[in-house]
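Dear colleague,

Please find below the structure that I am handing over to you.

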Amino acid sequence: MPTYYYYNNQCPSTCPVGITIANIGTNNCDYCDSNCVTCSIIVTNCTSCNLSLLLYNGQCRTSCPNGLVPVNSTCGNCDSSCLTCVGDMYTCTSCNVSSGLPYLYGNSCRATCPSLYYNNIAAAACTLCASITPTINCNNCSSVSTCLSCNNPYVLYQSKCVLTVPDGYVNNSGIA
């Protein structure tokens, strides 16, 4: 003899999949939890959530746990190049140094830094050469202590910026 469940003033032999769960104790089709749009196995195991909520491990939440970000109405991991991210999976706040893109520039991870920045290994970020200008007067650099060009009136000499050209050298367009 088939089992019938009470649902919507009717007695079907199965409950509507996704929005209800068959309750064999009461022979009712129990609706999914109010935060769920759909559920599976039990009424509190959500498979999708109401608009403003995010799905994480079968639960509908207002925010994702630490280390996860909203991705298509669920809580997901950051992009593989990001160690941490914010807002979405591609907006990196730090880089995964083992990804081959170890330097944070803006909100993305890069293999090398653009011109006027250097690959700052210690910070795992692109550091603006101008940020070291007050101490070494460098315009473009390849490290915190290696200049490629200098701010005017400084002259590049042996990867350093100097005010006066050393004896035996000539200032040739800012390079000694």
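**Findings: Thr20 and its surroundings**

In this predicted model, a polar atom of the Thr20 side chain lies 2.7 Å from the backbone oxygen of Pro16. This is a polar contact (a pair of N or O atoms within 3.5 Å; within protein, one must be able to donate a hydrogen and the other to accept it, and residues adjacent in sequence count only if both atoms are side-chain atoms).

Residues are numbered from 1 along each chain as its sequence is written, and side-chain values use heavy atoms, with hydrogens and water left out. Because the model is predicted, local features need pLDDT of at least 70 and side-chain atom pairs count only at pLDDT 80 or more, while totals for chains, interfaces and linings use all residues.

Thr20 belongs to strand β1; strands (E, at least two residues) are DSSP runs, numbered from the N terminus. With a relative accessible area of 4%, Thr20 is buried (under 20% relative accessible area, with exposed over 50% and partly exposed in between; 1.4 Å probe, protein chains only). Setting aside neighbours within four places in sequence, Thr20 is in contact (heavy atoms within 4.5 Å) with Tyr7, Cys15, Cys29, Asp30, Tyr31 and Cys32.

**Hairpins**

Strands β1 (residues 20-23) and β2 (residues 28-31) pair in the antiparallel sense over four bridges; pairing requires that DSSP finds at least two bridges between two strands. Cys29 in β2 is the bridge partner of Ala22. Four residues separate the strands of this hairpin, and Asn27 in the turn has a positive phi of about 55 degrees.

Strand β3 (residues 36-40) and strand β4 (residues 42-49) also run antiparallel, joined by four bridges, with Cys36 opposite Cys49 in β4. One residue lies between the strands of their hairpin, where Ile41 takes a positive phi near 70 degrees.

**An exposed leucine**

Leu51 lies in the loop between β4 and β5 (54-56). Its relative accessibility is 88%, so Leu51 counts as exposed.

Yours sincerely
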